[in-house]
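Please have a look at it first.

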Amino acid sequence: EKAKEVTLEFTVNEGGIMSVTTEEFVSVKDPDSRANSIARTVGKILLCLVIAIVVGGSFYSQVQSGLKSYRIEQDKFNARVAALTEFYEEHNPEKIGTIEETLRKHAGKETKLWKSLEAKYGKRPPRPIRTEF
């Protein structure tokens with residue numbers, strides 16, 4: 001019975017993507033079938049481990065991407081809160097307590113909100129400035 005010896009090289013790039021490269025492939029005789037059975041079992045375990053790492057790495061990458069998007073959106077929201085707070089301090093202090101609710105109500109339509117505030121108060125709210133990236 002023949003056993004196959006394969007040397008693999010695992011690399012992970014900066015983006016968290018793992019690649020597997022075959023370095024060497026050699027066929028050798030293995031007279032001990034028990035050793036061959038153990039080698040197959042170890043090979044299966046290693047294959048499962050590689051699959052788990054690849055799937056886990058992909059999942060981790062997607063989670064990281066989602067967290068980054070969430071942080072960016074949260075930074076944008078916080079910048080809009082600061083801009084509207086500054087605006088309402090000058091034009092209508094009673095509205096300061098409703099800023100977050102107003103922004104959630106107008107999510108995705110902030111430009112329209114800014115224009116309507118300009119029409120109502122005669123001055124456009126300041127441009128939101130994100131402090132974190």
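Predicted model: local features only at pLDDT ≥ 70, side-chain atom pairs only at ≥ 80, totals over all residues.

A residue is called buried when its relative accessible area is under 20%, exposed when it is over 50%, and partly exposed in between, with a 1.4 Å probe and protein chains only. By that rule, 17% of the chain's 133 residues count as buried.

Residues are numbered from 1 along each chain as its sequence is written, and side-chain values use heavy atoms, with hydrogens and water left out.

The chain has 3 helices and 2 strands, and along the sequence they follow the order β-β-α-α-α; helices here are DSSP runs of H or I with at least four residues, strands are runs of E with at least two, and both are numbered from the N terminus.

Now to the charges: how many salt bridges does the structure hold? There are 5, where a salt bridge is a side-chain nitrogen of Lys or Arg within 4 Å of a carboxyl oxygen of Asp or Glu. One of them joins R80 and E110, at 3.5 Å from N to O. Because R80 lies in helix α1, residues 33–91, and E110 in helix α3, this pair ties together parts that are 30 residues apart in sequence. R80 and E110 are both buried.

A second example is E90 with K123, whose closest N and O atoms are 3.6 Å apart. E90 sits in helix α1 and K123 in the segment after α3, so here the parts tied together are 33 residues apart in sequence. E90 counts as exposed, at 53% relative accessibility, whereas K123, at 41%, is partly exposed. Leaving aside residues up to four places away in sequence, K123 touches F87, E90, H91, L117 and E118, contact meaning heavy atoms within 4.5 Å. The C-alpha atoms of K123 and F87 are separated by 9.0 Å, although these residues are 36 apart along the chain.

Finally, E100 forms a salt bridge with R104, again with 3.6 Å between the closest N and O atoms. These two are 4 residues apart in helix α2, which means that about one helical turn separates them. E100 is partly exposed at 38% relative accessibility, and R104 is exposed, with a relative accessible area of 55%.
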